[in-house]
Amino acid sequence: MVDKTQNVVIAAFTEDHANRLTGVSLRQLRYWSQDGFFKPSLEMQGEGEPSLRLYSFRDLVCLKIISQLRNESRVPLSNLKETKERLAHLGDDVWAKTTLYVLNKRVVFENPETGEKEDAANGQGVLQIPLQVVTGDMAEAVRALRRRPDNSIGQIDAK
């Protein structure tokens with residue numbers, strides 16, 4: 001029998017690696033760590049020395065997602081902070097643990113408790129209109145409108 005733990009690779013990535021792999025600047029990584037918005041898995045500070053920050057693979061995935069939300073979807077940092085606070089119950093890897101959507105520069109997620117999509121920062125529900133279902137329903141309604149009732153054959157409107 002093969003022990004599955006033999007294949008576990010533990011890796012730590014420096015700030016420079018995190019910067020190159022995620023596109024998040026060193027300045028931003030340091031600010032987020034000091035601000036508490038995103039702390040690396042391992043952070044050590046010696047007296048009078050700069051702190052050493054090491055990022056796990058999971059950290060890199062989360063940072064990449066945050067970077068895409070900020071830079072590609074233009075979600076403001078204030079909204080990302082609200083999102084993190086609201087979804088804190090998902091744990092440290094909140095950014096990688098759920099599927100996130102963006103609507104008008106706001107983060108939306110599918111609430112696992114309700115199955116509904118909500119604004120991640122304030123919990124407001126997002127209206128979902130399944131267009132294919134609506135189109136199919138409307139097509140059926142048009143067909144039904146065009147059908148004549150069985151008793152209308154041969155009758156003439158008496159007006």
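A residue is termed buried at under 20% relative accessible area, exposed at over 50%, and partly exposed in between (1.4 Å probe, protein chains only). The model is predicted, and local features need pLDDT of at least 70, side-chain atom pairs pLDDT 80 or more, whereas totals for chains, interfaces and linings use all residues. Residues are numbered from 1 along each chain as its sequence is written, and side-chain values use heavy atoms, without hydrogens and water.

Asn 79 has a relative accessible area of 2% and is therefore buried. Asn 79 lies in helix α4; helices are DSSP runs of H or I with at least four residues, strands are runs of E with at least two, and both are numbered from the N terminus. Beyond neighbours within four places in sequence, Asn 79 contacts Lys 105, Arg 106, Val 107 and Ala 121, contact being heavy atoms within 4.5 Å.

Helix α4 comprises residues 77-86, and Leu 77, Asn 79, Leu 80 and Thr 83 are buried in it. These residues cover an arc of only 155° around the axis, so they lie on the same side of α4; the arc is taken over the directions from the helix axis to the C-beta atoms. The packing partners of the buried α4 residues are α2 (26-35), α3, α5 (94-97) and β4 (106-110).

In α3, the buried residues include Leu 60, Cys 62, Leu 63 and Ile 66. Just after α3, Arg 74 adopts a positive phi of about 60°.

Met 44 is located in strand β1 (residues 42-44). With 41% relative accessibility, Met 44 is classed as partly exposed.
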